[in-house]
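Work through the exercises below with the model open. Try each task before reading its solution.

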Amino acid sequence: MRLSLLSLVASSLALLGAASSVDSEQVRIQDGDVRTLESWAYTDCGVPTDAIQLKSIEVSPDPPKPGEQLTVTVNAEVQEQIEEGAYADVVVKLGRIILLKKTFDICEEARKAEADVQCPVEKGPYTVVQTVDLPKEIPKAKFTVSVRGYTHEDDDMACVDLQVDFTSKPFFGFGW
């Protein structure tokens, strides 16, 4: 099943190239907000009353590579019906420089993508798997992507911050 807001999380990674510090150690904090795998991380900045509760985000390959396909799997629980008028604000930054700032109509994006799930989106668990082509022109840099989702009544729907590091990693830690 595809849900447009969750698809936006995946698509936001692809926006890095279109618009164009994460530790390299593998870390998982089970009960915390931050999950770091290789050169990307996300923070669920939502609250328990949000309409969508993010459960997990996984990417393959890890780390993401410019010029290759990226498959993003997002697991979430929709706690209240998502209706026409729901939207998401997406901001892509390189350091403090805003590369892209755009508002997406969630239901319109679902229609454009011919998603399996259309508005209204009913309550329940969802797993969204989306594959995107990352542009090979993505510069070797660290990016942040902020996604803030809102209901048609402007209530908080979901919140996630992504960090993606496309800088080259030193060879075996020797700085080569």
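Two strands pair if DSSP finds at least two bridges between them. Helices (H or I, at least four residues) and strands (E, at least two) are DSSP runs, numbered from the N terminus. This is a predicted model: local features need pLDDT of at least 70, side-chain atom pairs count only at pLDDT 80 or more, and totals for chains, interfaces and linings use all residues. Residues are numbered from 1 along each chain as its sequence is written, and side-chain values use heavy atoms, with hydrogens and water left out.

**Exercise 1.** Find the strand order of the open sheet of three strands, then trace its bridges.

*Solution.* 
- Step one: the order is S4-S5-S8, and the pairing is antiparallel.
- Step two: the edges are S4 (52-60) and S8 (124-133), each pairing on one side only.
- Step three: from one strand to the next, the twist averages 15° (axes are lines fitted to C-alpha atoms, for helices over the stretch in contact; angles run from 0 to 180 degrees between N-to-C directions).
- Step four: S4 and S5 (residues 69-78) are joined by eight bridges. Ser-56 has Asn-75 as its bridge partner in S5. Glu-58 has Thr-73 there.
- Step five: 10 bridges join S5 to S8.

**Exercise 2.** Which residue forms a salt bridge with Glu-84, and where do the two lie?

*Solution.* Start with the rule: a side-chain nitrogen of Lys or Arg lies within 4 Å of a carboxyl oxygen of Asp or Glu. The count by this rule is four. Glu-84 pairs with Arg-111, with the closest N and O atoms 2.7 Å apart. Glu-84 is in the loop between S5 and S6 (87-94), while Arg-111 is in helix H2 (residues 106-112), 27 residues apart. Now classify exposure (buried is under 20% relative accessible area, exposed over 50%, partly exposed in between; 1.4 Å probe, protein chains only). Glu-84, at 42%, is partly exposed. Arg-111, also at 42%, is partly exposed.

**Exercise 3.** Describe the salt bridge between Lys-112 and Glu-108.

*Solution.* The N to O distance is 3.4 Å. Both residues lie in H2, four residues apart, about one turn of the helix. Lys-112 is exposed at 57%; Glu-108 is partly exposed at 35%. Widen the view: Glu-108, Glu-109 and Lys-112 are linked in a salt-bridge network.
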